[in-house]
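Visitor: Could you show me how to read aromatic ring pairs in a model?
Guide: Gladly; let us look at the structure together.

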Amino acid sequence: MKLIVDSGSTKADWIAIDDSGKVLFTTQTLGLNPEILDGPEIIERVNDRFDISQNRKEATHLFFYGAGCGTDRMKLSLSQVFQGYFENAIVEVQEDTYAAVYATTPKGEEAIVSILGTGSNCSYFDGKVLHQKVQSLGYIVMDDCSGNVFGKELIRKYYFNKMPKELAVEFEKEYDVDPDFIKNKLYKEPNPNAYLATFAKFLIQHKDSDFCRKIIFKGMKSFVKNYIKQYDNCQEVPVHFVGSIAFYLKDELQEIFDKYELKLGNVLRRPIDGLIAYHVANK
């Protein structure tokens, strides 16, 4: 049994397949980002799912693609955690961008592959190797155009009284805006980036308002200039995306891409289904 995992900071999708690619079970855990969780916290989240815990000794391979796995230190740390839990499995840990590449990019083709979800990143795939010009420093200083950055912007606008009154009323209906509640979520509880990203739903729901539209396009322009434009051939190869922000704002992405004369490629909400085909073809 092979386990394929696509993990962001908010959630992780798990699929178990046999050698022919038949799906044995699917499940979901909370996100497993090793940059913000320690080993026991990761195991607690994994062990919380019965399908995973009862089959952990049956797993022969674990292919894990995750946010926070962009450095050798984090890959090694997470590999050791999983190796202790899935004791009979060969464990491979790669950063989440590889999941996006394998799911969106035909074999051997060049592309720029981006993730716009809770966090964000952007890489160039030359058909064989992934190249990254911008090393992410995490949600506090980077993650342009991501859910957590959009969430941060909405909270700031609300508290600085820059949100239109009619939207502020709707915002208050959907979220607890008590300062103590927000500060506790940001500074006392785990995964503050995932908490911030929950506010992005509001932005998407009201994307046709001038207020939200300005925030969306400001974020997208920043992502194009700071990430995509780093690659000299960005106007020659397709730019693929995975992630909920990209998926639900695809029309807005297309509008920005037309302005910068870029080629919008495949846009997927989740890469997990494409990963099944990849691992069956490359078993």
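**Reading ring pairs**

Guide: Tyrosine 158 and phenylalanine 171 are both buried (under 20% relative accessible area with a 1.4 Å probe, protein chains only; exposed is over 50%, partly exposed in between). This is a predicted model, where local features need pLDDT of at least 70, side-chain atom pairs count only at pLDDT 80 or more, and totals for chains, interfaces and linings use all residues. Residues are numbered from 1 along each chain as its sequence is written, and side-chain values use heavy atoms, leaving out hydrogens and water.

Visitor: How are the rings of tyrosine 158 and phenylalanine 171 arranged, and why is the pair put in its class?

Guide: In general, a pair of aromatic rings is described by the distance of the centres and the angle of the planes. Rings of Phe, Tyr and Trp (its six-membered ring) pair if their centres lie within 6.5 Å; planes under 30 degrees apart are stacked, over 60 edge-to-face, and the rest tilted. Here the centres are 5.4 Å apart and the planes at 40 degrees, so tyrosine 158 and phenylalanine 171 form a tilted pair.

Visitor: Which residues does the ring-pair cluster contain?

Guide: Ring pairs join Tyr158, Tyr159, Phe171, Tyr175, Tyr195, Phe199 and Phe202 into a cluster. The count comes to 20 aromatic pairs.

Visitor: Is phenylalanine 223 buried or exposed, and what about phenylalanine 241?

Guide: Phenylalanine 223 is buried, at 2% relative accessible area, and phenylalanine 241 is buried at 0%.
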